[in-house]
Amino acid sequence: MAQIAVSVQEGEQQQFDQGVTVADALKELVSNKQRKQTIAAKVNGTAVDLTTPLTEDAEIAPILISSDEGLDILRHSTSHIMALAVKRLYGDSVKVAIGPSIADGFYYDFEKEKAFSPEDFEAIENKMAEIVAERLPFTREVLSKQDAIALFESLGETYKVELLNDMEEETVSIYKQDAFTDLCRGPHLPDSSWLKVFKLLRVAGSYWRGDENKQMLTRIYGTAFTDKKELKKYLNRIEEAKKRDHRKIGKELGLFTIQDEVGPGLILWQPQGALLRKLIEDYWKEEHYKHGYELLYTPHIARQDLWKTSGHLDFYGENMYSAMEIDDVMYQLKPMNCPFHIGVYNSNKHSYREFPIRWCELGTVYRYERTGALHGLMRVRGFTQDDAHIFCRPDQLEDEIFNIIDLNLLILRTFGFDDYDVYLSTRPEKYVGSDEHWELSTNALKQALDKKGLHYEIDPGEGVFYGPKIDIKIKDQIGRSWQCSTIQVDFNLPERFTMSYTGEDGAEHQPIMIHRALMGSLERFIGVLIEHYAGAFPLWMAPEQARIMNITDDQSEYCEKVFNQLRQAGIRISKDLRNEKLNYKIREAQMRKISYMLIVGEREKEDGTITVRMRDGKNLPPMLPEQFVEWVQKECEEAKG
Ligand SMILES: [Zn+2]
Ligand SMILES: [Zn+2]
């Protein structure tokens with residue numbers, strides 16, 4: 001029999017009979033201990049089941065159940081086990097749609113006449129436990145697309161048939177587990193006994209393929225872990241996340257509102273939210289000014305032809321809103337600010353001496369998102385990017401990237417984010433620009449990251465078609481990741497808009513363009529901030545820094561005087577002089593997450609002081625109003641350090 005050479009990463013090669021399974025090869029290649037944790041493997045880079053036969057020389061990387069990929073496989077397999085449990089309980093009255101793993105868990109969409117409710121969970125979980133005890137293997141089969149269609153038609157699984165009809169592949173794989181068959185790429189756990197810790201979490205309605213015009217399905221979300229403690233930690237986090245939900249806090253603090261009459265995904269900022277946003281914008285503008293940026297303002301619509309030149313109509317058209325006719329010319333809302341900044345660039349001739357040019361704008365853009373995908377401030381249809389474009393020479397690229405990262409981390413730190421993951425995405429399969437360009441810019445990104453001493457992961461092939469990029473995901477107070485910052489090099493737009501500058505050699509050259517957004521969008525970033533701080537913002541960005549309150553009516557006049565004095569001094573202050581008990585006023589101020597409560601009784605009135613009560617209930621010694629102003633200014637300055 002023919003022999004093949006197999007090894008685990010960096011290990012020694014061993015000879016095996018061709019057709020040996022991954023599991024059998026691993027018996028010889030890795031320790032028993034490691035094998036007991038292995039649920040699947042990457043063979044020459046592709047994730048496969050342990051039962052897969054090896055047909056050629058291979059390098060194997062075992063996938064351990066506790067790794068990120070392992071957890072993903074565990075959770076996806078759990079979705080199959082849940083679907084089997086549902087099939088056993090409800091038989092053919094339920095049709096299956098899709099059941100992927102997602103961040104922190106999995107879901108499965110079902111068609112069922114009466115939608116699932118959490119009351120059904122116990123029965124389903126019990127059935128799942130039975131399936132786990134049965135140690136049912138996941139068996140894979142490869143079929144022609146036609147046979148697969150016939151199979152799912154015979155099972156009455158019309159959603160799978162629809163998926164198959166849309167697939168281009170000639171052969172597909174299915175996974176069987178007892179009475180449940182799924183159209184699936186895999187890989188999966190060897191058998192159901194690997195599932196030890198799982199829980200069904202919630203139900204939601206979901207349209208088939210996310211399309212409101214299609215069938216409404218019933219979705220069950222769940223999760224699985226390798227360890228009970230991890231599940232407990234996760235459940236605590238969900239509880240904590242509910243308390244911090246920015247939609248709930250946004251309402252309580254009067255920050256923003258979304259109304260049907262205005263339209264879904266369109267934000268109305270209420271006064272407190274508008275103030276919060278202004279404070280963030282002011283800080284952003286100051287910091288950009290210090291870092292050598294100039295500010296631009298550009299319109300919300302442009303002639304359709306501009307979006308043709310930029311390529312947005314071709315590559316991004318489905319995210320753009322329909323055109324409108326003005327004086328027989330078609331216009332469209334902007335999904336991005338870039339072409340406008342290029343317009344500013346092209347309004348003048350440029351020389352290499354002016355570079356780098358750094359232009360920033362808080363630019364409001366409009367992008368189509370499905371109604372079902374909209375979510376508070378996190379996913380909207382109109383949002384303001386903290387956008388900037390840098391135009392530079394090739395020899396300046398690395399320094400510019402370094403400067404952007406520097407400013408990026410400074411701004412994130414000021415907002416209270418010290419923990420982040422950095423990704424570098426390289427050239428995808430489809431791309432524009434020369435290989436030389438790609439190499440130059442990818443190296444510039446790498447070197448800037450290295451120089452900054454940042455640890456980063458490479459996402460091979462995940463760059464944009466016009467250039468490589470750096471993405472930064474921040475971690476919030478309760479450990480969730482949010483994609484915010486992105487830095488992208490672009491060779492495409494300078495070409496499309498025939499941008500140029502006169503070089504040192506007197507000839508015309510094409511500038512390099514960098515797109516970057518640090519917060520991403522103000523809407524989403526403020527959503528993240530609300531959840532990160534649970535509404536208790538640091539003093540420098542708190543819309544309501546202090547609230548003054550009297551103990552009895554006798555101090556009303558004095559309170560008014562102090563209120564005016566502090567407001568003149570720039571303190572963001574409100575007053576509560578109602579004839580209510582002090583405790584009641586304090587409780588209300590605490591609900592509003594106000595940083596300082598300024599309490600005034602007879603003694604304060606006589607001494608010309610205020611007693612400052614902090615959010616946590618501690619009191620500072622009585623102080624003069626002007627001392628309080630200094631106190632606040634110092635705290636704000638330190639935070640922006
Ligand atoms: Zn599957
Ligand atoms: Zn741009």
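**Chat about rings and a zinc site**

Q: Where does Tyr-431 fall, buried, exposed or partly exposed?
A: Tyr-431 is partly exposed, at 32% relative accessible area. Bear in mind that this is a predicted model.

Q: OK, rings then. How many aromatic pairs does the structure hold?
A: There are 24. One of them joins Tyr-431 and Trp-438: the ring centres are 5.8 Å apart with the planes at 80°, so that pair is edge-to-face.

Q: And Trp-438, buried or exposed?
A: Trp-438 is buried, at 2% relative accessibility. Tyr-596 and Phe-628 also pair edge-to-face, with 5.6 Å between centres and 90° between planes.

Q: Where do Tyr-596 and Phe-628 sit in the chain?
A: Tyr-596 is in strand β31 and Phe-628 is in helix α20, so to speak distant parts of the chain, 32 residues apart. Tyr-596 is buried at 5%, and Phe-628 is buried at 0%.

Q: Which rings link into a cluster?
A: Tyr-90, Tyr-108, Phe-110, Phe-116 and Phe-180, through ring pairs.

Q: What lies over the face of Tyr-221?
A: Arg-202, 3.9 Å from the ring centre. Likewise, the charged end of Lys-451 sits over the Phe-402 ring, 4.6 Å from its centre.

Q: Switching to metal: what are the protein donors of the zinc ion (ligand 2)?
A: Cys-338 (SG), His-389 (NE2) and His-515 (ND1), at 2.0 to 2.3 Å from the zinc ion. Their spacing along the chain is C-x50-H-x125-H. Cys-338 in helix α12 and His-515 in strand β28 are 177 residues apart.

Q: Cys-338 and His-515, buried or exposed?
A: Cys-338 is buried at 5% relative accessible area, and His-515 is buried at 8%.

Definitions and conventions. Residues numbered from 1 in each chain as written. Chains lettered and ligands numbered in written order. Predicted model: local features only at pLDDT ≥ 70, side-chain atom pairs only at ≥ 80, totals over all residues. Heavy atoms only, no water. Donors = N, O, S within 2.8 Å, 3.2 Å for Na, K, Ca; no water. Helix = DSSP H or I, 4+ residues; strand = E, 2+ residues; numbered from the N terminus. Buried < 20%, exposed > 50% of the residue type's maximum accessible area, 1.4 Å probe, protein only. Phe/Tyr/Trp six-rings, centres within 6.5 Å; stacked < 30°, edge-to-face > 60°. Lys NZ or Arg CZ within 6 Å of the ring centre and 35° of its normal.
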